[in-house]
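Here is a short briefing to read beside the sequence and the 3D view. It goes from single terms to whole chains.

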Amino acid sequence: MDFSNLMLNYEEAVAMILFGIGFSNLLLQKNLIKKIIGLNIMDTAMYLFLALKGYINGRKAPIVVNGVQSVEAYINPIPSGLVLTGIVVSVSVTALMLSLTIRLYYRYHTLDLDEISTRLKKEGL
Amino acid sequence: MAFVQNFPFMSIILSLFSGPLSTVMDRKKAKIINTAVLLILTAMSAAVLVYVMGTGESYVYTMGHFPAPWGNEIRVGVLEAAMALFFCVIMLLCMLGGVLERELELEESKENLYYVMVNLLLCSLLALIYTNDLFTAYVFVEINTISACGLIMIKQNGRTIEAATRYMIMSLLGSGLLLLGICFLYDLTGHLLMSNIQQQVRILQETGAYHVPLLVSLGLMSIGLAIKSALFPFHTWLPDAYGYSTVSSAAILSSLVSKGYIFLLVKIFFRVIGFDIVKNSKVVNVLFVFGIAGMIMGSVSAIRENNIRRMIAYSSVAQIGYIYMGFGLGTTDSVVASIYHIVSHAATKSLLFVAASGITDASGDSTSFFDLTGAGYRNKLAGAAFTVGSLSMVGIPMFSGFISKLLFAQSALESVNKMLPTLIALAISTILNAVYFLKTVIRIYAPDRKLASEKHFRTITMADQPQKAAALILFIILNLALGLSSQPVIRLIRSGLSMFS
């Protein structure tokens, strides 16, 4: 195996490691707040990956200043747009998850989803 | 450009904007607006279908007249238009069938929020069906998830909130993987429009470059959407979500929400990656194995269930397994069978949920099997409808479920390695389906007058619940129509799929 490309693109590797951390936290943590933190790490890792894909070394953000309009001067703006869209999505799902967590906490005074499930089974609702 | 060509875009926008309008109305007006919008959307989708079938080819609608690689696009072919029409009809019937429950179970101030969720859900489903842009698809997948979560938890008790949380967690895992797959694909091809990605993927395939990343991207998107549509090992949220939410939510969730994701997966297979690449990859084998496991395990869990709503929910797990098994077989015929099963399952499962609510109404709102004895006599129409749904699920000729099983079996014969497992799994699953569905049918037609008079169960006639009766009759007609005249539907799916590539 040749790992030289991995070292060359270490930023992407970092993004993927962060994605893995976030994904496993969202899947495996019992505490709901930790799950939500995992969700945010996962989404942020995606934005890091996307932003890296749009960045071209030595170029600037695509905002026209001083009349420079050459394509060569700017980075690719589409991934940045995708990141913005993604942030909106992740903010709304985070808000929804937090509100669900508050509801569950008021009812059961715990953040442990498994304990809530066992209590629900006992209630036999 | 014909005026009809604007309809797909208009229907998405109409259903998006009627949502906020419902929030400021009182419940009566919100209900009227919702029904009117659903009717208009149905009419629009029908007009689009007639138009596309008339011209015989698909068309691309550029949003804001920005040309291809930059602008956002809507693409309409026969299959898209037919799916949109079908989803609108099922949505209308589900809403009609659950009117009474919504009035009883939801808080008065929450009911117009329900219509917001329904409108948003339909908007996202239509966008998923029509869009030609992969990132737009991702955004609407998330909107779909959020509004489905609202539909689950709008009837507030501990169970539904817990189910909604579990649903959100699973869905977010799935959409994380989907987004990762889309980003990889964007990275490899530099495009987000499906047709442009496909051109680039063809070039990559010819040069043999980036073979592994392409495969990883396909795998991530497939698994992400499989998680979101509750393929077998990821189905833990499903029984609670379907079993305790209000009846129209359960019907909509089981028949539409998961199907929207599956339809997106079909589009990814055919329009983004190209089906010849997909069927030669190992991804289909993974889907095949999980699909077969789901067919068996879903039915086994359903047999052990004593609650009629949860039993129907577990049966959904089995039926989703059928659909993924069809993808796993990896031939065009098997995908046609899968799409037919999407249609037939959506029609049958919503019928079963609405019929089950009619049966439980006649059993003192109890969902446990013991109280259901003889319910078929107390609510004759719901009993008959439940029987029709059960026979269709088991796969008796005349009903739609039979046709999809026949199509699966026929398409299995084409592939040498997967023929035997498919046929065995189909046989076992049919027997298991028969065990739990016919068990229920026998129970609701078992004469037990003592129980009914002891517990003072009321008898329900069609006049007591006119909306539900109308919905059930229309569902039965739809089911029989799909079962008796399946050839036009299959031809339509075939021509739609050939328009895809």
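A residue is called buried if 20 or more other C-beta atoms lie within 10 Å of its own, exposed if 12 or fewer do, and partly exposed in between, with C-beta atoms placed from the backbone. This is a predicted model, in which local features need pLDDT of at least 70 and side-chain atom pairs count only at pLDDT 80 or more, while totals for chains, interfaces and linings use all residues. Residues are numbered from 1 along each chain as its sequence is written, and chains are lettered from A and ligands numbered from 1 in the order in which they are written.

**The strands of chain B**
- Helices (DSSP H or I runs of at least four residues) and strands (E runs of at least two) are numbered from the N terminus.
- In strand S2 (residues 73–76) of chain B, B:Glu73 and B:Arg75 point one way and B:Ile74 and B:Val76 the other, and all are buried.
- In a regular strand, side chains alternate between the two faces of the sheet.
- S2(B) runs antiparallel to strand S1 (residues 59–62) of chain B, and 4 bridges join them; two strands pair if DSSP finds at least two bridges between them.
- B:Tyr61 has B:Ile74 as its bridge partner in S2(B).

**Chain B as a whole**
- Chain B has 22 helices and 2 strands.
- Its radius of gyration, taken over C-alpha atoms, is 22 Å, close to the 23 Å that the globule rule (2.2 Å times the number of residues to the power 0.38) gives for 501 residues, so chain B is as compact as a globular protein of that length.
- Of the 501 residues of chain B, 61% count as buried.

**Helix H21 of chain B**
- Helix H21 (residues 466–484) of chain B has 19 residues and reaches 27 Å from first C-alpha to last, close to the expected 27 Å, which is 1.5 Å times one less than the number of residues.
- Its buried residues include B:Leu472, B:Phe475 and B:Leu482.
- Among the elements that cover the buried residues of H21(B) are helix H3 (78–97) and helix H15 (332–361) of chain B.

**Where the chains meet**
- 27 residues of chain A are in contact (C-beta atoms, placed from the backbone, within 7 Å) with 21 residues of chain B.
- H4(A) gives the most to the side of chain A that touches chain B, with 11 residues.
- Leaving aside its neighbours within four places in sequence, A:Met46 is in contact with residues including A:Phe19, B:Leu179 and B:Cys183.

Methods
Two residues are in contact if their C-beta atoms, placed from the backbone, lie within 7 Å.
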